[in-house]
Amino acid sequence: MAPEQEITVCDLIEIQRMLADSENPFERLVGRLFVAGMLDIRLAQLTDHQVGQLMFDHFRNHLGILLPETTICDHATQRLFRSTNGNFTTEDIEKQRQRTACPKCGNEMLLHYGIDEPDFLECALLNCGYKELPNTEKENPSR
């Protein structure tokens, strides 16, 4: 395995954030440029769904709800989650309406597109923590 494959996309994001806070100006500039290049290469290997999931996971919640950036981020994320032809089909809309209920607490389950792990369904209630792999025998990867 190549060294750049050993570090996950999420690890690269955290490393780049850590370097941004470095007191060493060389690390802040050169380190961030190097990590940004590695991250760019890894992002190019991801599917649109995975990039949409990264947008949702890593900066959607850091934006203010009434900011135009939030609306743009939501729109871009939804575009990336769409079907391969770029439009919502009737089937896509029906799938969104028929969300699975969490067997642990009854809240809805949301599909999480895996970045460095397989796709999984996750309970929308943060305190619940229930996860399962879709279309397989129910498992709980959070245990």
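Modeller: What follows starts with the nonpolar core and then turns to the parts around it.

The model is predicted, so local features need pLDDT of at least 70 and side-chain atom pairs count only at pLDDT 80 or more, while totals for chains, interfaces and linings use all residues. Residues are numbered from 1 along each chain as its sequence is written, and side-chain values use heavy atoms, with hydrogens and water left out.

For orientation, the protein chain has six helices and three strands, where helices (H or I, at least four residues) and strands (E, at least two) are DSSP runs numbered from the N terminus. Along the sequence they follow the pattern α-α-α-α-α-α-β-β-β. Of the 143 residues in the chain, 25% are buried; buried means under 20% relative accessible area, exposed over 50%, and partly exposed in between, with a 1.4 Å probe and protein chains only.

The largest nonpolar core has 10 residues, namely Val9, Leu12, Ile13, Leu19, Val35, Met38, Leu39, Leu46, Leu54 and Ile115. Such a core is a set of buried Ala, Val, Leu, Ile, Met, Phe, Trp, Tyr and Cys residues joined through side-chain atoms within 4.5 Å. Helix 2 (9–20) and helix 3 (25–44) each supply at least two of the residues in this core, and helix 2 gives the most, with four. If we take one member, Leu39, and leave aside its neighbours within four places in sequence, we find Leu39 in contact (heavy atoms within 4.5 Å) with Val9, Leu12, Ile13 and Gln16. Apart from this core lies another, of six residues, among them Cys102, Leu121, Cys123 and Cys128. In soluble globular proteins, nonpolar side chains tend to be buried together.

Gly31 is buried, because its relative accessible area is 16%, and, not counting residues up to four places away in sequence, Gly31 touches Leu19 and Phe26. Leu29, by contrast, is exposed, because its relative accessible area is 54%. Together with Phe26, Val30 and Leu33, Leu29 makes a nonpolar surface patch of about 430 Å². For such a patch, nonpolar side chains (Val, Leu, Ile, Met, Phe, Trp, Tyr) are joined within 5 Å, like charges within 9 Å, and the residues have over 30% relative accessible area and no salt bridge, which is a side-chain nitrogen of Lys or Arg within 4 Å of a carboxyl oxygen of Asp or Glu; the areas come from the Shrake-Rupley method with a 1.4 Å probe, and for residues only the protein chains shown count as cover.

Finally, the strands form an open sheet of three, in the order 1-2-3, with antiparallel pairing; two strands pair if DSSP finds at least two bridges between them. Strand 1 and strand 3 stand at the edges with a single partner strand each, so one side of each is left without a neighbour in the sheet. Four bridges join strand 1 to strand 2 (residues 120–123), with Met109 opposite Cys123, while two bridges join strand 2 to strand 3 (residues 131–132), where Glu132 is the bridge partner of Leu121.
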